[in-house]
Amino acid sequence: MKQIFVKNLLQGEVSVGETVLVKGWVRTKRGNKNVAFIAINDGSIIHSIQVVADLVNFDEELIKRISTGACLAVTGELVASMGQGQSVEIQAKDIHIYGEADPETFPLQKKGHTLEFLREIAHLRPRTNTFGAVFRIRHEMAYALHTFYHERGFFYLHTPIITASDAEGAGQMFQVTTMDLNNVPKVEGEVDYNADFFGKSAHLTVSGQLEGELGAMALSKIYTFGPTFRAENSNTPRHLAEFWMNEPEMAFYEIQDNMDLAEEFLKYLVKWALEHCMDDLQFLNDLYDKELIDRLKSVIDVKFERLTYTEAIDILQKSGQKFEFKVDWGVDLQSEHERYLVEKHFKKPVILTDYPKDIKAFYMKVNDDGKTVRAMDVLFPRIGEIIGGSQREERLDVLKKRMEDMGIPEKEMWWYLDTRRFGTAPHAGFGLGFERFLLFVTGMSNIRDVIPFPRTPMNAEF
Ligand code: 4AD
Ligand code: MG
């Protein structure tokens with residue numbers, strides 16, 4: 001007999017009276033001398049299906065072995081439910097136990113564990129309602145992301161994870177090597193990278209952008225979506241050492257086009273979540289964040305506020321707020337500043353542009369004032385920066401000067417500079433921190449809770 005998933009059952013794809021086979025994990029078991037009620041969840045949907053087992057029909061020993069966490073296959077008749085909270089249930093005819101879960105040692109025996117505790121058992125937490133909901137939403141958002149770009153003629157370009165260029169990430173990159181760290185080959189006291197796997201020092205990528213630009217200079221519109229790695233030692237609820245980034249890069253786009261795309265994209269994803277993930281959102285809304293659904297709806301209807309960094313500094317200085325970090329023109333904004341602008345001042349998402357060139361990357365297009373660059377950061381409620389992007393410097397001489405000023409060796413970047421040498425074009429792009437975005441969509445407050453296996457300083461167990 002073919003297995004049916006709980007989602008399909010609850011969506012009415014099978015009629016009452018039919019015999020069905022469900023497989024899944026026991027969420028709860030209760031009952032009395034005559035009957036056992038077993039809630040089974042297979043992860044296809046947040047809801048469980050109730051299995052009713054009349055004890056006269058089953059071996060007592062078998063029923064005893066069933067407890068929270070056990071895995072079962074149940075065959076039975078789909079019947080209208082008399083109980084509250086579900087429309088149908090299964091009257092069990094046959095129960096097979098794939099695997100028991102000893103109540104003495106199974107860590108998810110009870111409900112209501114803290115998120116901190118669940119992080120310590122990341123190998124089992126997908127079995128909770130909360131993480132089931134989060135990971136289903138994560139999937140839907142990845143699918144929506146691909147759909148959005150595909151519908152608009154973008155090509156998914158796979159950029160490398162191992163890179164020999166460290167222009168963007170100097171100082172916060174993980175090194176990749178096959179050298180024996182106990183016996184590193186050296187020449188005149190210096191590490192001899194000629195003896196390493198790639199014949200030069202290599203790292204995990206901090207961004208696919210530079211390679212993405214190469215793609216955009218041929219295919220016009222590309223995007224990347226993959227893991228990126230940053231060894232910054234920031235133990236905050238918004239930083240991971242391994243996170244997923246989505247980076248579109250478009251030839252012939254200027255900063256305005258870039259902002260328009262980012263805004264349309266974010267609204268598309270949020271709308272998708274509201275249309276496709278309502279069960280899971282409702283669950284998270286009720287349990288963690290009573291304003292979640294309203295907040296999501298509010299974003300799709302408003303025009304994001306757009307202003308320059310200089311204007312933002314002015315607002316912050318006049319705000320009368322006490323910030324931990326002082327605000328002066330030229331400083332990098334902290335998330336307290338970003339959140340003030342978004343949550344208190346404008347009360348909607350904000351796109352900041354034209355940052356001082358000294359706090360931004362070498363590849364951003366220099367404005368005519370010579371002081372600012374055509375950067376854009378999208379700031380979201382509860383999160384702060386969710387997207388960072390820019391129009392790129394397409395003028396070879398200006399770019400070379402910037403690299404020189406910032407100490408980026410030209411000879412290692414010859415391939416990047418070739419795009420400016422041969423058929424250069426205005427172009428722009430941005431990077432969305434996928435987990436930052438998921439924090440917004442799920443209402444979770446710690447970034448460790450929106451990725452299945454978080455990597456943070458001193459933490460890579462699972
Ligand atoms: O602002 P960032 O550093 O931009 C870039 O890497 C550009 N190359 C993007 C581009 O223009 N193609 O990073 C982009 C986004 C941030 O806005 C933030 O959402 C996220 O990536 N991010 C992180 N997310 C989780 N953990 C971290 N340690 C992150 N660092 C950045
Ligand atoms: Mg940034």
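Where is Asp354 found? Asp354 is found in strand β15. Strands (E, at least two residues) and helices (H or I, at least four) are DSSP runs, numbered from the N terminus.

This is a predicted model, in which local features need pLDDT of at least 70, side-chain atom pairs count only at pLDDT 80 or more, and totals for chains, interfaces and linings use all residues. Residues are numbered from 1 along each chain as its sequence is written, chains are lettered from A and ligands numbered from 1 in the order in which they are written, and side-chain values use heavy atoms, with hydrogens and water left out.

**Overall build**

The protein has 13 helices and 18 strands. Its C-alpha trace spans about 85 × 55 × 45 Å along the principal axes. There are 462 residues, and 50% of them count as buried. Buried means under 20% relative accessible area, exposed over 50%, and partly exposed in between (1.4 Å probe, protein chains only).

Contact means heavy atoms within 4.5 Å. Of the contacts with a separation of 6 or more, 67% join residues 24 or more positions apart.

Charged side chains number 54 positive and 69 negative, and the centres of the two sets lie 3 Å apart. Lys and Arg count as positive, Asp and Glu as negative; His and the chain ends are not counted. Each charge is placed at NZ of Lys, CZ of Arg, CG of Asp or CD of Glu.

**Cores**

A nonpolar core is a set of buried Ala, Val, Leu, Ile, Met, Phe, Trp, Tyr and Cys residues joined through side-chain atoms within 4.5 Å. The largest one has 67 residues, and Met141 and Leu281 touch the most other members. Helix α6 (residues 255-276) supplies its largest share, 12 residues. Leaving aside residues up to four places away in sequence, Met141 touches Leu269, Trp272, Ala273, Phe434, Phe437, Leu438 and Val441. Another core lies apart from it, with 31 residues, including Leu341, Val350, Tyr355 and Met413.

**Strand pairing**

Two strands pair if DSSP finds at least two bridges between them.

| Pair | Bridges | Residues standing opposite |
|---|---|---|
| β1 (residues 19-31) and β4 | seven | Val22 and Val74 |
| β4 and β5 (residues 88-99) | 10 | Val74 and Ile95 |
| β13 (residues 242-251) and β18 (residues 427-433) | five | Met250 and Ala428 |

Strand β4 (residues 71-80) is largely enclosed by the rest of the structure, because eight of its 10 residues are buried. Val74 in β4 stands opposite Val22 and also opposite Ile95 in β5.

An open sheet of eight strands runs in the order β6-β12-β13-β18-β17-β16-β15-β14, with mixed pairing. Its edge strands are β6 (155-156) and β14 (305-308), each pairing on one side only.

**Positive phi values**

Phi of Asp354 is near 55°, a positive value in a residue other than glycine. Lys347, also not glycine, has a positive phi near 55°. Lys347 sits in the loop between α10 (335-346) and β15 (350-356). Is Lys347 buried or exposed? Lys347 counts as exposed, because its relative accessibility is 63%.
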